[in-house]
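My entries follow in the order in which I looked.

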Amino acid sequence: MSTEVEPARGLDREGIRTDKVRWNLSVAALYEEAVRHQEGMIAAEGPLVCRTGQHTGRSPNDKFVVREPSSEQHIAWGKVNREMDPAQFDALHRDMLASLEGKELFVQDCYAGADPAYRLPIRVINEYAWHNLFARNLFIVDSSPAAKASHTPQFTIIDSPRFRADPARHGSQSEVVIALNFARKLVLIGGTSYAGEIKKSIFSVLNYILPLQNVMSMHCSANIGAAGDAALFFGLSGTGKTTLSSDPDRMLIGDDEHGWSDRGVFNFEGGCYAKTIRLSADAEPQIYATTRRFGTVLENVVVDPSTRMLDLDDDRFTENTRAAYPIDFIDNAVPSGQGGHPRNVIMLTADAFGVLPPIARLSADGAMYHFLSGYTAKVAGTEKGVTEPKATFSTCFGAPFLPLPPSRYAKMLGERIAKHQARVWLVNTGWTGGPYGTGRRITIAHTRAMVRAALSGALDSVSFTKDPIFNVDVPATCPDVPADVLKPRSTWSDPAAYDAQAAKLAKMFAENFKTFEGDVTPDVKAAGPKV
């Protein structure tokens, strides 16, 4: 049954005409609705397993921002922030509402932002029950009577996978559309069943709102040690943000999206969205355990039709299999979602060339250089059409979600690193001994050992050498890591082939950074690789 809501605060406010609204349903009730509508199946140990159809990752080319007077002077227009005309958005809005008339819909009133000072009340309206459960898991839910009574959404998402956009009428590129309107405080998602679009659209909203309030928004995970030492892990999907921040010896603040205010860091979300392909119970026990639990939503994971047992190693549908679960499924999560100012900042990259050191210390100028560069490899499945790792530069380790100019975020990070004297590390979770297809992925055990050493201060007393090509400081030794692993050239059977690949990547860095040379000091430019 739907929770009773006054009509003035119901979907009449959104212009949707239907009397079949399921409002703020519990996890168990949403399971029942999803199964009743044949949206998914319950696996043997309790998770709800759903398929997303042909869209098994984000569709970045189908995302648009409406060009309107209140926001247009702030937006960095271009390939990331494609403009949509207000009239086209209005037509899209009308057509989507008309398509939803009389339909059974699912609504969650929740929040984004763990810090009450910056918390954004949001409303998520879904055509699918399992998408509504995804939203309930990923955002912050306050079920207290007072919160329910006072909740007034400042941003609304209308998510209709069955709706098909018309490029000629709506200004979209295809039948898929993700449209943000900052004046109307509205996000429209149509034509895709990939639930990640829901969370990333609100991330884009916060990346616009918060910097204008002098809060840095970040695509990073965060955790905190017993001594109160917070750490940030920047990186794109697949680089290890979730895996490395889920550390049994540290408390998890959040796995993907955070703000850094004058009071410290805070999680934007109330849940985690972890990759599950070939997940290991030994290497990633906390995340693995969530895939065996009632309340977790699994996307595109293969299930035995008879036993309902999971096969996390099977990638027949996509490499981008996912688990969406409340953050309190991680035993040592920070209940408040907040921490102090970070003592360490880790920038994660999955180097497909196999030439970057697995860990290196960055100077303040080097931190700015690598943050603006955002080098990594897009891991298979995270975006439509990506089937194997592909080298890319994603500014601020989150370019697809940044409405403002990248220099705005970089300046804020630089100021905070300097003010709070945070140490900055570049950690490569990609390949060693050769490029993708020839080399091997750096082991999680070695990466964890290096991160542990950086956070604990164990690397403070070791000697460092300057990498002659990449211009970063590489430790000579690290506890629990063989010395040759720290020097990627020594892991290649052909040193000359390493030199050629390293020179190739260094040149790519230099070419990419030409975009930012006018916005940085000569020292920042000089902190990059040597061509």
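Which element gives the largest share of the lining of the largest cavity? I looked this up in the model, which is predicted, and found helix H6 (residues 196-209), with four residues of the lining.

**Entry 1: the largest cavity.** I noted a volume of about 100 Å³ for the largest cavity. I then listed the residues that line it: Arg-58, Ser-59, Pro-60, Lys-63, Ile-178, Glu-197, Lys-200, Ser-201, Ser-204, Pro-400 and Phe-401. Sorted by class, this lining has four charged, four nonpolar and three polar residues.

**Entry 2: the count.** I also wanted to know how many cavities there are of 30 Å³ or more. The count came to four.

**Entry 3: the second largest cavity.** How much space lies in the second largest cavity? I wrote down about 50 Å³. Its lining is made up of Phe-203, Ser-217, Met-218, His-219, Phe-234, Phe-371, Cys-396, Gly-398, Leu-402 and Tyr-409. Strand S11 (residues 216-224) supplies the largest share here, three residues. I sorted this lining by class as well and got seven nonpolar and three polar residues, with no charged ones.

**Entry 4: a helix pair.** I turned to helix H9 (residues 364-373) and helix H12 (residues 495-513), whose axes come within 10 Å of each other. At what angle do the axes of H9 and H12 cross? I noted roughly 85 degrees. Angles of 65 to 115 degrees count as roughly perpendicular, so H9 is roughly perpendicular to H12. On the H9 side, the contact is made by Tyr-369, His-370, Leu-372 and Ser-373. On the H12 side I listed Phe-509, Ala-510, Asn-512 and Phe-513. By class, the residues of this contact are five nonpolar and three polar, with no charged residue.

**Entry 5: the whole protein.** How many helices and strands does the protein have? I recorded 13 helices and 30 strands. Along its principal axes, the C-alpha trace spans about 70 × 55 × 45 Å.

Methods. Residues are numbered from 1 along each chain as its sequence is written. This is a predicted model: local features need pLDDT of at least 70, side-chain atom pairs count only at pLDDT 80 or more; totals for chains, interfaces and linings use all residues. Side-chain values use heavy atoms; hydrogens and water are left out. On a 1 Å grid over the protein atoms alone, a cavity is a set of points where a 1.4 Å probe fits but cannot get out, and a pocket is an open set with protein on both sides within 12 Å along at least five of seven lines; lining residues have an atom within 4 Å of a point. Grid points are joined across faces, edges and corners, and a volume is the space filled by probe spheres set on the points. Helices (H or I, at least four residues) and strands (E, at least two) are DSSP runs, numbered from the N terminus. Ala, Val, Leu, Ile, Met, Phe, Trp, Tyr, Cys and Pro count as nonpolar, Asp, Glu, Lys and Arg as charged, and the others, Gly among them, as polar. Axes are lines fitted to C-alpha atoms, for helices over the stretch in contact, and angles run from 0 to 180 degrees between N-to-C directions. Angles under 35 degrees count as roughly parallel, over 145 as roughly antiparallel, 65 to 115 as roughly perpendicular and the rest as oblique. Contact means heavy atoms within 4.5 Å.
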